[in-house]
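Here is a short briefing to read alongside the sequence and the 3D view. Take a moment to look the fold over before going on.

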Amino acid sequence: MTRKNPESIDRMTIKRAIKNAGASCHVYHASAESEIGHSDLYGTMSGRAFYFEVKVPGWKPRSEADKVRVVRQKIFMNREKGHGARVGFVHTPEEALALLMDKCVDKSLDKETADEVGFSL
């Protein structure tokens, strides 16, 4: 029996919560032609786009490749935020819904996350 990736389980739980809140929500499936850094979940709510990168609670980059991936994800989110989208790293459905409802700060650029991955703001 193969174990499911905890991030994929969380991704589907978060997606379901977002859809139940009335938003469109899609899982991004990467391919050879994929844009580097595209967020796991994306969609719209009330005419505004969102891009959320799902991380399991307590996740920290363990390798240089992880750090590079997070930097690319931040670059992608910064660009989309500049176009008016809601963006962020989320761990739970509650965090995703709070970002959708503008009830918490943008988590894509916080200093603590940047320090964890060695990315200077």
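Predicted model: local features only at pLDDT ≥ 70, side-chain atom pairs only at ≥ 80, totals over all residues.

Residues are numbered from 1 along each chain as its sequence is written, and side-chain values use heavy atoms, with hydrogens and water left out.

**Overall fold**
- The protein chain has 4 helices and 4 strands, taken as DSSP runs (helices H or I, at least four residues; strands E, at least two) numbered from the N terminus.
- Starting at the N terminus, the order of elements is α-β-β-β-α-β-α-α.

**Packing and surface**
- Of the 121 residues in the protein chain, 40% are buried (under 20% relative accessible area with a 1.4 Å probe, protein chains only; exposed means over 50%, partly exposed in between).
- Among contacts (heavy atoms within 4.5 Å) with a separation of 6 or more, 54% join residues 24 or more positions apart.
- The protein chain exposes about 7,300 Å², with 53% supplied by carbon and sulfur atoms (Shrake-Rupley method, 1.4 Å probe).

**A look at helix α2**
- Helix α2 covers residues 64–82, which is 19 residues.
- In α2, the buried residues include Asp66, Val70, Gln73, Lys74, Phe76, Met77 and Glu80. These lie on the same side of α2 because they cover an arc of only 165 degrees around the axis, judged by the directions from the helix axis to the C-beta atoms.
- Glu64, Ile75 and Gly82 are exposed on the other side of α2.
- Just after α2, glycine 84 adopts a positive phi of about 100 degrees.

How values were computed:
Expected span 1.5 Å × (residues − 1).
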